[in-house]
Amino acid sequence: GVRTLEDIQALLLAGADKVSINTGGFLNPSLIQKAAEHFGSQSIVAGVDVKKVGDDCWHVFINGGTQDAGVEARAWIARAVELGAGEVLLTSIDRDGTKAGYDTALVKAIAKTVRIPIIASGGAGSMADIRDVLNAGADAALLASLFHFGEVTVRELKQYLKREGIAVRL
């Protein structure tokens, strides 16, 4: 629901280190630019919900992932970076909640498009999925179900990733 500079300021003053702007930034791109200028790019994350619509083509979806914006994800993410976004929170609607693994093709495509950190979201079903998405070009991986349902602990995951050659703090 972030739609104004005041929203961002309130979140940062409340202790947030970064603020993710999704639909509000898509509908009003100047919000991303003004926010980056005012608070610094390191504080502004472009939240982007995407869905596959064809071979090697993903569209941006807005309003909680319910509405196809009709814009190719790589183009929008490149624009968000030009406007000053310092990171991308990339959520695959197709994979979210499935535990079928991240959309590594999507992550690879975005990693080829932009040179800012990518946080992959949607699909974690195993520790190997996290390893795979990090190897595909994500700088971080968001996961929920594995932790919520007690299938793995943070310690176990970090130890696994370290054994797999992924740099993590233990």
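Residues are numbered from 1 along each chain as its sequence is written, and side-chain values use heavy atoms, with hydrogens and water left out. Because the model is predicted, local features need pLDDT of at least 70 and side-chain atom pairs count only at pLDDT 80 or more, while totals for chains, interfaces and linings use all residues.

Helices and strands are DSSP runs numbered from the N terminus (helices H or I, at least four residues; strands E, at least two). Two packed helices are described by the angle between their axes and the distance between the axes. Here, the axes of α3 (residues 29-39) and α4 (residues 73-83) cross at roughly 35° and come within 8 Å; axes are lines fitted to C-alpha atoms, for helices over the stretch in contact, and angles run from 0 to 180 degrees between N-to-C directions. Helix α3 brings P29, I32, Q33 and A36 to the contact, and α4 brings W76, A80 and L83, where contact means heavy atoms within 4.5 Å. Six of these residues are nonpolar, one is polar and none is charged (Ala, Val, Leu, Ile, Met, Phe, Trp, Tyr, Cys and Pro count as nonpolar, Asp, Glu, Lys and Arg as charged, and the others, Gly among them, as polar).

Two loop residues are worth a look on the backbone. D56, in the loop between β2 (44-54) and β3 (57-62), has a positive phi of about 55° although it is not a glycine. N63 also has a positive phi of about 55° without being a glycine, and lies in the loop between β3 and β4 (67-72). D56 counts as partly exposed because its relative accessibility is 48%, and N63 counts as partly exposed at 34% (buried is under 20% relative accessible area, exposed over 50%, partly exposed in between, with a 1.4 Å probe and protein chains only).

The structure holds one cavity of 30 Å³ or more. On a 1 Å grid over the protein atoms alone, a cavity is a set of points where a 1.4 Å probe fits but cannot get out, a pocket is an open set with protein on both sides within 12 Å along at least five of seven lines, and lining residues have an atom within 4 Å of a point. The lining of the largest cavity has five nonpolar, three polar and one charged residues, including L90, Y102 and D103.

The largest pocket holds about 340 Å³ of space; among its 15 lining residues, A140, A141, K158, L161 and V168 are the closest to its centre. Volume is the space filled by probe spheres set on the grid points, which are joined across faces, edges and corners. Helix α8 (154-163) gives the most to this lining, with four residues.
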